[in-house]
Amino acid sequence: MPELMWVLAVLAVVVGVGGGWLLSRGRLGEMPELVDDRPQPRLPEGRFTADDVRALRFARTGRGYDRVAVDELLRAAARSLDDPTADPGQLATMSRETRFKVVRGGYQMQQVDAVLDRLSHQWSVDALTSIAPTADAPEPSEPAQRLPDAE
């Protein structure tokens with residue numbers, strides 16, 4: 001009887017090792033694509049408002065951005081969206097240049113990056129439109145001189 005147990009144990013090891021070898025060689029079919037089932041933050045279709053930023057929730061992951069630092073930056077972003085005197089150019093630079101520590105149990109990095117990219121773009125556009133000439137801008141005091149035609 002003990003010999004039968006040894007034979008079955010050796011047979012199980014051989015089948016296990018052989019199955020692992022077949023699996024590693026792809027002979028048992030391919031692995032299916034990974035599915036990302038982490039919850040995605042709800043982002044507005046158009047421009048972010050302060051309330052949109054305050055309502056953001058990110059998935060947590062094994063290693064991700066420091067939650068405290070991200071939350072602090074988002075609170076500052078919401079305050080600036082509420083403040084009509086905030087400098088959008090400075091805000092765009094701040095959102096592009098901010099770096100977060102990667103920690104255990106942090107926010108999912110791609111989600112945070114996507115939100116910061118959109119906020120940075122929104123502020124960059126605001127900065128460009130704030131320096132663009134408006135229709136009610138005063139006319140120049142002297143007419144522009146015409147350049148001589150090339151000969």
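I am working with a predicted model, in which local features need pLDDT of at least 70 and side-chain atom pairs count only at pLDDT 80 or more, while totals for chains, interfaces and linings use all residues. Residues are numbered from 1 along each chain as its sequence is written, and side-chain values use heavy atoms, with hydrogens and water left out.

**Whole chain.** I looked up the secondary structure and found five helices and two strands in the protein chain. Here helices (H or I, at least four residues) and strands (E, at least two) are DSSP runs, numbered from the N terminus. The order from the N terminus is α-α-β-α-α-β-α.

I then checked burial: 23% of the 151 residues count as buried. Buried means under 20% relative accessible area, exposed over 50%, and partly exposed in between, with a 1.4 Å probe and protein chains only. The accessible surface is about 12,100 Å², and 58% of that belongs to carbon and sulfur atoms. These areas come from the Shrake-Rupley method with a 1.4 Å probe; for residues, only the protein chains shown count as cover.

For contacts (heavy atoms within 4.5 Å), I took the pairs at least 6 apart in sequence; 80% of them join residues at least 24 apart.

**Largest pocket.** I noted a volume of about 190 Å³. On a 1 Å grid over the protein atoms alone, a pocket is an open set of points where a 1.4 Å probe fits, with protein on both sides within 12 Å along at least five of seven lines; lining residues have an atom within 4 Å of a point. Grid points are joined across faces, edges and corners, and the volume is the space filled by probe spheres set on the points.

The lining includes Val53, Arg54, Phe58, Asp71, Arg75 and Tyr107. Elements giving two or more residues to it are α2 (50-54) and α3 (67-82). Of these, α3 gives the most, with five residues. By class I read six nonpolar, no polar and six charged residues. Ala, Val, Leu, Ile, Met, Phe, Trp, Tyr, Cys and Pro count as nonpolar, Asp, Glu, Lys and Arg as charged, and the others, Gly among them, as polar.

**Helix α4.** In α4 (residues 88-97) the buried residues are Pro88, Leu91, Ala92 and Ser95. They cover an arc of only 100° around the axis, so they lie on the same side of α4. The arc is that of the directions from the helix axis to the C-beta atoms. Gln90 and Glu97 are exposed on the face turned away from that buried side.

**Helix α5.** Beyond its neighbours within four places in sequence, serine 120 touches Ala92, Ser95 and Arg96.

Glutamine 122 also lies in α5 (residues 109-131) and counts as buried at 6%.

**Loops.** Glycine 46 sits between α1 (2-24) and α2 and is partly exposed at 46%. Phenylalanine 100 sits between α4 and β2 (102-104) and is buried at 13%. Among its contacts outside four places in sequence are Tyr65, Val70, Leu73 and Leu116.
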